[in-house]
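I opened my notebook to get to know a new structure. Come along and read the entries with me.

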Amino acid sequence: MGDAARGQKLFEARAAQCHSMTKGAHNTGPSLHGVVGRSAGQAAGFAYSTAMKGAGVTWDDDSLSKFLENPKKFVPGTKMAFAGIKAAKDRKDIIAYMATVK
């Protein structure tokens with residue numbers, strides 16, 4: 001398990017420009033409230049790409065890590081314009097933080 005407190009700081013620095021952790025509060029990207037355990041492309045009220053809606057992924061530590069490392073490789077056709085997070089520890093900490101927001 002990662003460091004959720006560090007992950008929150010990383011999330012705020014790297015993701016909060018596009019994503020909210022408030023339920024139903026979508027920005028450029030969907031709200032990530034409760035994302036761990038949710039099926040990809042299923043947050044109500046957000047206009048996902050066809051690729052994300054059809055990804056067939058349930059977000060867990062492994063799938064989130066792969067997506068955060070290289071979104072366009074993990075879900076070809078995603079609308080997410082983000083190069084990814086190469087550092088495994090950073091991804092692990094961000095996922096630990098996201099897992100606390102349910």
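Entry: I began with tryptophan 59 and phenylalanine 67, and both are buried (under 20% relative accessible area with a 1.4 Å probe, protein chains only). I noted that this is a predicted model, where local features need pLDDT of at least 70, side-chain atom pairs count only at pLDDT 80 or more, and totals for chains, interfaces and linings use all residues. Residues are numbered from 1 along each chain as its sequence is written, and side-chain values use heavy atoms, with hydrogens and water left out.

**Entry: aromatic pairs.** I looked for rings of Phe, Tyr and Trp (its six-membered ring) with centres within 6.5 Å; planes under 30 degrees apart count as stacked, over 60 as edge-to-face and the rest as tilted. The count came to 5 aromatic pairs. In one of them, the rings of phenylalanine 11 and tyrosine 97 have centres 5.6 Å apart and planes at 55°, so I wrote this pair down as tilted. Phenylalanine 11 sits in helix H1 and tyrosine 97 in helix H5, 86 residues apart, and the pair links these distant parts of the chain (helices are DSSP runs of H or I, at least four residues, numbered from the N terminus). Phenylalanine 11 and tyrosine 97 are both buried. Tryptophan 59 and phenylalanine 67 also make a tilted pair, at 5.2 Å centre to centre and 55° between the planes. I found Trp59 and Phe67 again in one aromatic cluster with Phe74.

**Entry: the core.** Which residues touch the most other members of the largest nonpolar core? I listed Phe11, Met21, Met52, Trp59, Ile94 and Met98, out of 23 residues in that core (buried Ala, Val, Leu, Ile, Met, Phe, Trp, Tyr and Cys joined through side-chain atoms within 4.5 Å). H1, H3 and H5 each supply at least two of the core's residues, and the largest share, 4 residues, comes from H5. I then followed methionine 98: leaving out residues up to four places away in sequence, it touches Phe11, Met21, Leu32, Val35, Val36, Leu64 and Leu68 (heavy atoms within 4.5 Å).

**Entry: lining of the largest pocket.** I checked which helices each supply at least two residues of this lining, and they are H1 (4–14), H3 (61–69) and H5 (88–100). The largest share, 3 residues, comes from H3.

Definitions and conventions
Buried < 20%, exposed > 50% of the residue type's maximum accessible area, 1.4 Å probe, protein only.
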